[in-house]
Amino acid sequence: MRVSAYIIAVILPFVCFIHSEAQYLDNFDQYTWQQQDSIITTLFQGRAYTVVAVMSQEAYDREKSKTEKDDVAIATFAVWQGIRFILEQNPEEAEKYLDEALNIFNENPELRNDKYRDALLNKAEMSLQNEDVGNAIQYLQEAVAHMSEDSEPDTDLYFSTILETFELSLQTQDLETAEAMGRQALSVAQSAYGSDSDQYIQGLSNIGRIYAAKGDVRRASNLLLQSYELSKQNLPESSIRKAYYGLSAIDIQEQLGRTQSAENIYSELISLFDRFTGLQEDNIYPTILSRYGKHHEALGNLEEAYNYLNRSNILLTLRTNSTDPAYIQSQSDVGQILVKQGKYTEASGYYEDAIRQTRLAYGENSWTEGLLRDRLGVLYTEMGRHDAAIEQRAKTVEIFDLALGPNNAQYAMAVLNLGLAHAAADQRDQAEEHLLSAYQKIKQLYGSNHIRVFNVEHYLADFYQGFDNGNAATYFEAAAKFTIYYYQNLMPLLTDVNRLEMEALFDLFWSSYVSFAGSDDLPNETLHQLQDVLLRLKPAKHLPTINTMAALINRSDEALMKNFRQWQSLRNQIIEFEDETIAGQKESDFDMSKSIDEIKNLSDVLFPAYSSTLSTISEFSFASLSKQLSRGEVAIDFFSTLSEDDQKQRNYFALVTQPGPQVHLVPLQLNQNVLGTNQLQSGTSFYDQIWKPLEAYLTDVKSVYVSLDGALHKASLQSIPLPSGELVGEHVEVHTRLNLGALKSSSNNVQDKYLLVGYPASSSSDSTSTSVISVPPYLIATPETRMRKPIVSRSASEQEIKVIGNKYAKKKSVTLLTGEEASRNAVVQHIQKVRPSLIHLAVPLYFNYPDLSADSTGVSILSKNKQVSTGFALAGAGNSWKADTSRSEVDNGLLSALEIGTLDLRNARLLIWTGAQSTLKEMDGDALYSLQLALKRAGVRSILMNLWDISEDGKDVYMKELYKNLGKGLAVQEALDKTKSKLKKKVDPSVWSGFVLLE
């Protein structure tokens, strides 16, 4: 009990003449109640608790017995009685007296004094002991409010109380209260201690932690780094506090993926301890060594990881008892890194010692022992000692059954691991028994839609392959459906770092599923199942990352921020609720389904024109696809998955659907380097690797509907040269769709409102942006990348737009935006105001080239989000790309895929892009798809893009013919067909085949 922290000594002058406790007792009733209060305070400070107990009882009884009662006196001594019984460990009596005092003060607010504050603080402490954090926060808030009205508060107590309220609120995810307390603490620190004080730095750091909790990692990073830098500048050179601020800064850097920045701080902290060896006695030193080791472990630097983990282990060996939890954890950590290095015998020694010390520390069959034995089981499996692995994992099951009970998630996971150990030993019956038992238990605990259930389904699917493919198919399909659910409902709520982790996990699953589905001896229904889930997966994978969008919202709009805060609150509740067991969920009154609907509605409010494809994703299936196909038509859905052998490579395959029940899975031996070359110049490679494997399924086919994936998004299938000398597009009609769920396009006439945008190489823009979202260049790419890869526009782009515009200006409602007028602000305003039916952008793309970055970790993790890292470059983009403006209110000319998803383009029947292809040639295929998908989600019906450089003369001929046909009122597809048909006789095939229509 931290009672002494809550008692304020008021030592009156007369106390100096009293020399013994006996004198107090003998003369106590002669003093006024105020003097008695001061005497008790003095004795309490001197730890004379026995005398304090006697005096507080006497004073309280005396005041209660008076005919004319003094409420302030009664409340004062009731508080002392409460403190007395806290010291005597009698919480019932303590609470009775403290409640009496609070009732008096609440009925008479004008009587409130320091004892009111003390009563609140002690009630808060008692609530914490009872694990009632909500009540504790309420009492602390009332104490803070009282002290804030005091003209001369005890500043240290005031500040520490605010901090405690902040910590508890953050702990319980009450972010609104935490932020209010954090800002109040910062204000008090600045006014009372100064902006160079440790208190101010702590307050600044806490605001950073709030932003981190809200998912605004960019602001969190700025503040936590600033706190660390201030600690280096203002705190004593040998202050240990620098280490604490440094670790907080490291946390956020690692979350952002800025490994180099985190490593720099680690190095600075270790240098601090090396220079001031006296600091090494602090417990934080082995903690930093251990964390630095795990940092290297995450990067795959196993030798460095072992070096730092071992140093931490040696320190703990020298300083702590072998039964200390920190020492046991350290033994386990060193053992784990030795396992990764393949040093199994050494690793087993560390694990076995950790188990021995655990049994001494906690007795037999403790939870910690179970975890260690499970790890030892993993080690023995790696060593091929399957019997020993089974023995350890069976012991883990026994321990968790005793320690946690059979209805605990960790017990279920232990049963699962035992099943995996039996599977590794090829003991099929025992493996199946334990795997199915674990599966049923985990489903019972968490329900069907939970990541733990997905993991077990994946294990079971792999387990059944080869001897029971029917069961394997069942579990593969169940796990696949979960990925769709997760992408649709939960992935948009994750931070970008966590999203990348989940995508990597799902990618490995899909590699396994596709490998299984491609087996020769499986029935066609297995491929139907695969097609069903893959049709829904592709659009679900690219749903906008709403929290990324929210992190970039213009903060000046209070109405928008109110909705955003509501969105954040729901997000936190959903994430927390999702991790609960069914039993825990039943105890809560939180409605998950309703909240997911609410958060989707809020997303529409935050981004009004965002039209989600969620409602149609669930309708995509093999059955609906095959029904749309007529004789002579085939649908080809391309997909890519991570290679199981080399997770840096991707494997490509195609699902070929014919009319009727036929689906064929065709693996493609695709050399990804081919996709970076000109298709017409590397025609043989494109034909051999992409088209030739499919030809067996294309006999008598006239129309092919294709949906691409990965690097193939940059390929034009219609322009692949055949051995006959013809291009594919001359032999069959190739229709490209972003997704095959909606196969046939409806009549799509372009009406009479055209917006033509041309961006010359020399232009600038300093106008103020009115966009909700603005992505500054520093979030997209490193300065080195932006200098090496500047944004370059075709010099003819402005002329191209003017020629087309002048030709049709009299016949149509045409708006030309060229030069400095072609700013992002002007383009967005015109789109929203005029709602054009045709938009022609003769502008370059921008893109982050992570492979070219000197330090690819030096930019935000947001740069890995394809919606952030690519978009259209409009007027001013070239200058802002170099200047690195971070002001969100400035029109920087960058119209990102992220921002496009917030626009209302539903009236746009056709968007034409004829920008510079130098960027497109090098950019990531998924980034191009993300840009295309953003346009489709915003409402664009059809997108026409040229995928490689075409001569200006050839482009002029193509565009004149296309606009002529569009001007006749032809539907987009018909206008393109007529253009292509005429140009086949007049121009080189590279002209018409380079343009691809996406619907």
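These are my notebook entries on a predicted model of one protein.

**Overview**

I started with the overall counts. The protein has 44 helices and 14 strands. Of its 999 residues, 56% are buried. I then looked up contacts between residues at least 6 apart in sequence, and 71% of them join residues at least 24 apart. The protein exposes about 41,400 Å², with carbon and sulfur atoms supplying 46% of that area.

Next I picked out an open sheet of three strands, in the order 9-10-11, with antiparallel pairing. Strand 9 (845-847) and strand 11 (894-896) are its edge strands, and each pairs on one side only. From one strand to the next, the twist averages 35 degrees. I followed strand 10 (residues 870-873) across to strand 11 and found an antiparallel pairing over three bridges. Which residue in strand 11 is the bridge partner of A873? I found L894 there. Helix 41 (residues 925-938) packs on this sheet and touches strand 9 and strand 10. The direction of helix 41 makes about 70 degrees with that of strand 10.

**Helix 36**

I moved on to helix 36 (residues 824-834), where R824, N825, V827, V828, H830 and I831 are buried. What covers them? I noted strand 6 (753-758), strand 7 (813-818), strand 8 (838-842), strand 11 and helix 39 (897-900) among the elements that do.

**Salt bridges**

My search of the whole structure gave 31 salt bridges. I looked at K123 and D99 in one of them, where the closest N and O atoms are 2.8 Å apart. K123 sits in helix 6 (residues 114-129) and D99 in helix 5 (residues 91-107), so this pair ties together parts that are 24 residues apart in sequence. Is K123 buried or exposed? Its relative accessible area is 4%, so I wrote it down as buried. D99, at 28%, counts as partly exposed.

D118 and R117 form another salt bridge, with 3.0 Å between the closest N and O atoms. D118 is buried at 2% relative accessible area, and R117 also counts as buried, at 3%.

I then checked E999 and R737, whose side chains meet in a salt bridge at 3.1 Å, N to O. How many residues apart are they? I read off 262, with E999 in the segment after strand 14 (995-998) and R737 in the loop between strand 5 (733-736) and strand 6. Both E999 and R737 are buried.

**Single residues and a patch**

D37 is in helix 2 (residues 33-45). Why did I list D37 as buried? Its relative accessible area is 14%, and the cut-off for buried is under 20%. Leaving out residues up to four places away in sequence, I found D37 touching T76, F77, W80 and K115.

L436 lies in helix 21 (residues 428-446) and is partly exposed at 27% relative accessibility. With the sequence neighbours up to four places away set aside, L436 touches L460, Y464 and Y475. I also looked up E457, 21 residues from L436 along the chain, and their C-alpha atoms are separated by 9.6 Å.

Last, I turned to the surface, where W367, L371 and L404 form a nonpolar patch with about 240 Å² of accessible area together. L404 is in the loop between helix 19 (386-403) and helix 20 (409-424), and is partly exposed, with a relative accessible area of 31%.

Note on methods: Residues are numbered from 1 along each chain as its sequence is written. This is a predicted model: local features need pLDDT of at least 70, side-chain atom pairs count only at pLDDT 80 or more; totals for chains, interfaces and linings use all residues. Side-chain values use heavy atoms; hydrogens and water are left out. Two strands pair if DSSP finds at least two bridges between them. Helices (H or I, at least four residues) and strands (E, at least two) are DSSP runs, numbered from the N terminus. Axes are lines fitted to C-alpha atoms, for helices over the stretch in contact, and angles run from 0 to 180 degrees between N-to-C directions. Contact means heavy atoms within 4.5 Å. Buried means under 20% relative accessible area, exposed over 50%, partly exposed in between (1.4 Å probe, protein chains only). Patches are made of residues with over 30% relative accessible area and no salt bridge: like charges are joined within 9 Å, nonpolar side chains (Val, Leu, Ile, Met, Phe, Trp, Tyr) within 5 Å. Accessible areas come from the Shrake-Rupley method with a 1.4 Å probe; for residues, only the protein chains shown count as cover. A salt bridge is a side-chain nitrogen of Lys or Arg within 4 Å of a carboxyl oxygen of Asp or Glu.
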